[in-house]
Amino acid sequence: MPDDASTDHPPHRPHRPVEAVLFDFHGTLAQVEDPVTWVRSAAAACGHELDRGKATVLADRLVTAGRAGGPLPHRVPPGLAMHWADRDLYAESHRAAYTGLAATVSTDVEGLADALYERLLAPDGWLPYPDTEPTLRTLHDAGIKVAVVSNIAFDIRPLFDAWGMGSLIDAYALSYEVGRTKPDPAIFLRACGMLGADPERTLMVGDTPADAGAVAAGCAALVLPAAEPGRPNGLGATLALAGCAA
C-alpha cells in the first residue's frame, strides 16, 4: 500500500456550490409589527383611538388568544378546531381561525377582529429585517436564485413589491398554493423545481425545526433564531454559506 494511502478519512468530495437559496418568510425575512401598534392601528381603522395603556392590555389578551405571526394560542375553541387545522392550506380557514380567536376577546371596538386580520395582509403590518434587503440583493447580484417557502394562506407577493424587493425573489412556494406544509419535503422540492435548482445545491434558511425539514428533500439547512421587529437576525450568514461576499 502506498505510504500516502489511508483509510482513516472518507474520500474527498468536491465542493458543490450553492445555486439557490430558499427562505422562510415570517421570522426569517420579516416580522409582524409589535402587538400594541397592531391593536392601535386596527382600532383606528374602526374609528376608535385607543390610548397606549388600554391598547397594551388588549394586545396582551389578543396575543394570548392567538395572533397570526405570534405564539400558538393558549386554547383553540372546539368550533374553530377544523379551521385551525387547515389554516395554512386554505385562505378561508386562515381568516376564520384568526378572526375567530380574536373574537373570543371582548372589546367595545366594533369590527376589531376583522381589522386586526386586515393588518396582517398589509405591508405596513410587517417589518422586514434590516438585513433582509441587503442579503437578497447580494444573492441576486451573484446570480443565485431565491424562493420564499412559507406555511401561509394569503399572497405575500404584494408585500415584497411594496417593500421594493419583488424583483429579488424568483419564486414563491406558499403552502396554500402548493397544498403541502413544512416540514413535508414536497414543498421544498416544489420550490427547487420552480427555480430549476438541484436540491443538493440548494440552501434552506428559516427559524424553526419545520424549516429544517428541507434536509429530507436533499437540501442543506440553516436555522436562525427569529429576532424582534427591526433587529438584525443574522441573515448575513447565508452569504458565506452561499459562497458570495456580503
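Student: Which residue caps the N-terminal end of α9?

Tutor: This is a predicted model, and in it Asp184 caps that end of α9. A side-chain oxygen of Asp184 lies 2.8 Å from the backbone nitrogen of Ala186.

Student: Which residue caps the N-terminal end of α1?

Tutor: There the cap is Asp34, with a side-chain oxygen 3.1 Å from the backbone nitrogen of Val36.

Student: How do I read phi angles and peptide bonds along the chain?

Tutor: Most residues other than glycine have a negative phi, and most peptide bonds are trans. Now take the cases here.

Student: Is the peptide bond from Lys182 to Pro183 cis or trans?

Tutor: The bond is cis, with omega near 15 degrees. As for its place, Pro183 lies in the loop between α8 (175-178) and α9 (185-195).

Student: How do I read the sides of a helix, and which residues of α9 are buried?

Tutor: Look down the helix axis and note where the buried residues point. In α9 the buried residues are Ile187, Phe188, Ala191, Cys192 and Leu195. They are on the same side of α9, because they cover an arc of only 140 degrees around the axis.

Student: What covers the buried residues of α9?

Tutor: The cover includes the strands β1 (20-23), β4 (145-150), β5 (171-174) and β6 (202-206), together with α8.

Student: Which residues of α1 are buried?

Tutor: In α1, residues 35-45, they are Val36, Trp38, Val39, Ala42 and Ala43. These residues line one face of the helix, because they fall within an arc of 160 degrees seen down the axis of α1. The face turned away from that buried side carries the exposed residues Ala44 and Ala45. The buried residues of α1 pack against α2 (52-66) and α5 (112-121).

Student: How do I read a sheet, and what is the order of the strands in this one?

Tutor: Strands of a sheet pair through backbone hydrogen bonds, either parallel or antiparallel. Here five strands form an open sheet in the order β5-β4-β1-β6-β7, with parallel pairing. β5 and β7 (220-223) stand at the edges with a single partner strand each, so one side of each has no neighbour in the sheet. On average, neighbouring strands of this sheet are turned by 20 degrees against each other, direction ignored.

Student: How many bridges join β1 and β6?

Tutor: They pair over four bridges, in the parallel sense. Phe23 stands opposite Val205 in β6.

Student: Which strands does helix α6 touch?

Tutor: Helix α6, residues 132-141, packs on the sheet and touches β1 and β4. The direction of α6 makes about 155 degrees with that of β1.

Student: Where does α9 lie on the strands?

Tutor: α9 lies across β1, β4, β5 and β6, and runs at about 150 degrees to β4.

Student: How do I read the cysteines, and how many disulfides does the structure hold?

Tutor: Check the distance between cysteine sulfur atoms; a disulfide needs a pair within 2.5 Å. The structure holds zero disulfides. For Cys192, the nearest cysteine sulfur is that of Cys219, 4.0 Å away, and Cys192 is in no disulfide.

Student: Is Cys192 buried or exposed?

Tutor: Cys192 counts as buried, because its relative accessibility is 1%. Cys46 has 24% relative accessibility and therefore counts as partly exposed.

Technical notes. Residues are numbered from 1 along each chain as its sequence is written. This is a predicted model: local features need pLDDT of at least 70, side-chain atom pairs count only at pLDDT 80 or more; totals for chains, interfaces and linings use all residues. Side-chain values use heavy atoms; hydrogens and water are left out. Helices (H or I, at least four residues) and strands (E, at least two) are DSSP runs, numbered from the N terminus. Buried means under 20% relative accessible area, exposed over 50%, partly exposed in between (1.4 Å probe, protein chains only). The arc is that of the directions from the helix axis to the C-beta atoms. Contact means heavy atoms within 4.5 Å. A polar contact is a pair of N or O atoms within 3.5 Å; within protein, one must be able to donate a hydrogen and the other to accept it, and residues adjacent in sequence count only if both atoms are side-chain atoms. Two strands pair if DSSP finds at least two bridges between them. Axes are lines fitted to C-alpha atoms, for helices over the stretch in contact, and angles run from 0 to 180 degrees between N-to-C directions.
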